Amino acid sequence: MPTNPFTYGNPISDPTRFYGRAHEIEQVFSRLCNPEHESSSLVGERRIGKTSLLNYLAHPDVRRKFGLDPDRFVVVYVDLQMVDKTATPTRLWQRLLRQIARNCQAEPVKQILEKVRQEQVIDNFALEDVFDSVDAQNQYVVLLLDEFENVTENPNFGPDFFYGLRSLAIHHHLSLITCSRRELIELCHSDAIRSSPFFNIFANINVGLFSEADARQFIALSLEGSGVSFSDADVSALFRLAGYHPYFLQAACYFLFEACARNLPPDERARFLASEFREEAIPHMADYWHNSDDHQRLALLLLALLRRQSKADRAVFSMSQLQDYYARSDQMLSHLEKRGLVVSHPDGYALLNSAMGEWIVNEIIGVELKAAGTDSSPADQTPAYITKLRQNLESYFNDEDLRNLCADLGVEYEDLPAEGKAGKARELVNYMKRRERLPDLVKMCRTHRPKVVWEDGPETAAAAPHGRAADALAEALSRVDTRYQELVMGWVAGSKNPMAVSHLLQSGLNVSEEKDHV
Ligand SMILES: Nc1ncnc2c1ncn2[C@@H]1O[C@H](COP(=O)(O)OP(=O)(O)O)[C@@H](O)[C@H]1O
Ligand SMILES: [Mg+2]
């Protein structure tokens, strides 16, 4: 079988397998090579390609190409993931100085590095001595500091550390290239550090999605000489599923390549790609979501719902359309675009890919996507409204309330065959279901907790009139997982057009439409 040229595990370390980012690279080197040897802060989401970019910048061939004299520029990459609760500025400097010594050609600098490195405490005076020597020998130190938030968020690193580092970068031959998930100023453990002038030495450079041209070039050049080719339709499907996200795209290409190399028929190939990709991508989509605030989540949910509703391949929505549903779309979309979760087009905005849209809707309705290959609608699944009923009982009733509810229904609480509130709630639902008394249960629940949304079972629901805003809202809310009900209710209540939002939710949170687009 041909060797798969795509990888999605480790960062890219071979510059011939590194694609795109021309603009970011240009910015970093032009700041580095100007007379002030300025520092840069690369900011981007997890898995967007920051470490790959640092690896590329650090590669000797690349440095040479951009005119950094290898005899004078000492470039050192350090992964700061090892900075933990026990780390201190001295220990970090010991590590950095050792690495600098290893890479430095000038003997006098090496000697002083060795000496200072042995000291019990490395203070700013000692560091001044080191960098005096670096300057005197006409050397330039460039520190590539990956995951730098591990330092800014670590209380062991106080204002002193940052003042010292800033002073070295301003007055000596030292430049810093940091990577972090968000802008450093947002990732500080204290206000004293947040307001320190340290951050002024950096220009923030956003690391986002590939451009379409970069994504196409990445696929075409990766496939060269592999003996496998992707059709135009394949490439369109890849872009729909993964977007121009370097990691998602590598993973999707990897699975499609596998399917092609195994000669799977087209149908099976598409299924294989979708299910393998989904399994790989879910934890990362979940991570992006869990690192979004409520406003960002609503903007993402809005795009996901509109995408479902439109059913068009090209799910792009104009700002005014989005603002009709959610007034704060404007600010949120620019954040989300920087994070690579949203793509802007000349005529509007879209989610980065279909997989994220599908995941968001499932998250909101509390459906966990199954692992690869399993059907999403097994016949024996508990109906969603029963699950919701149980969850509501658990969330809105304490043990005492549950006893009272049972008493009003004429059910012996003690006889329910389970321990604890969750167990009793489950058994109460089962008991009522077996006796076909679920409508009684729902009615009694409404009496006890009138503010909670209680969904009728299919029999009663079918008889309910549709179309009115209140009905649409109630129906939509009954589909929303309890974890998100407050968020969604807040959205509807605060919107200019609650009716439109309710209807959008009602149509978009429809489980049966789950599998479109993928
Ligand atoms: N410039 C690039 N060219 C090709 N693939 C890339 C590039 N940048 C990132 N990738 C892909 O994305 C994955 C994650 O990249 P990585 O650099 O580890 O991200 P981060 O450090 O931001 O978490 C890599 O394993 C690789 O598959
Ligand atoms: Mg990384």
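**Entry 1: ground rules.** I note that this is a predicted model, in which local features need pLDDT of at least 70 and side-chain atom pairs count only at pLDDT 80 or more, while totals for chains, interfaces and linings use all residues. Residues are numbered from 1 along each chain as its sequence is written, and chains are lettered from A and ligands numbered from 1 in the order in which they are written.

**Entry 2: the whole chain.** I found 25 helices and seven strands, taking helices (H or I, at least four residues) and strands (E, at least two) as DSSP runs numbered from the N terminus. Along the principal axes, the C-alpha atoms of the chain fill a box of roughly 90 × 55 × 45 Å. I then looked at contacts, where two residues are in contact if their C-beta atoms, placed from the backbone, lie within 7 Å. Among contacts between residues at least 6 apart in sequence, 74% join residues at least 24 apart.

**Entry 3: the two domains.** I see the chain divided into domain 1 (21–206) and domain 2 (212–288), with bounds that come from an automatic or database domain assignment. Their C-alpha centres lie 36 Å apart, and five residues of domain 1 are in contact with five residues of domain 2. On the side of domain 1 that touches domain 2, I read one nonpolar, one polar and three charged residues; here Ala, Val, Leu, Ile, Met, Phe, Trp, Tyr, Cys and Pro count as nonpolar, Asp, Glu, Lys and Arg as charged, and the others, Gly among them, as polar.

**Entry 4: packed helices.** I remind myself that two packed helices are described by the angle between their axes and the distance between the axes. Axes are lines fitted to C-alpha atoms, for helices over the stretch in contact, and angles run from 0 to 180 degrees between N-to-C directions.

I began with helix α11 (residues 232–242) and helix α12 (residues 246–261), whose axes come within 9 Å and cross at roughly 135°. The two are therefore oblique to each other, since angles under 35 degrees count as roughly parallel, over 145 as roughly antiparallel, 65 to 115 as roughly perpendicular and the rest as oblique. D234, L238, L241 and A242 in α11 meet F248, L249, A252, C253 and L256 in α12, and by class this contact has eight nonpolar, no polar and one charged residues.

Next I turned to helix α14 (residues 294–310) and helix α16 (residues 329–339), which pack at an angle of about 90° with their axes 9 Å apart, and α14 and α16 are therefore roughly perpendicular to each other. The contact is made by H295, Q296, A299, L300 and L302 of α14 together with S329, M332, L333, H335 and L336 of α16, a set that divides into six nonpolar, four polar and no charged residues.

Helix α24 (residues 482–494) and helix α25 (residues 498–508) pack at an angle of about 145°, and their axes are 7 Å apart. I list V488, W491 and V492 of α24 and P498, V501, S502 and L505 of α25 as the residues that make the contact, with six nonpolar, one polar and no charged residues by class.

**Entry 5: around strand β3.** Which residues does Y140 contact, leaving aside its neighbours within four places in sequence? I find H37, R72, F73, V74 and H173. Y140 itself is in strand β3 (residues 140–146), and with 19 C-beta neighbours inside 10 Å it counts as partly exposed.

**Entry 6: L438.** I placed L438 in helix α21 (residues 438–448). Not counting residues up to four places away in sequence, L438 touches M432, K433 and G457, and with 19 C-beta neighbours inside 10 Å L438 counts as partly exposed.

Notes. Buried ≥ 20, exposed ≤ 12 C-beta atoms within 10 Å, placed from the backbone.
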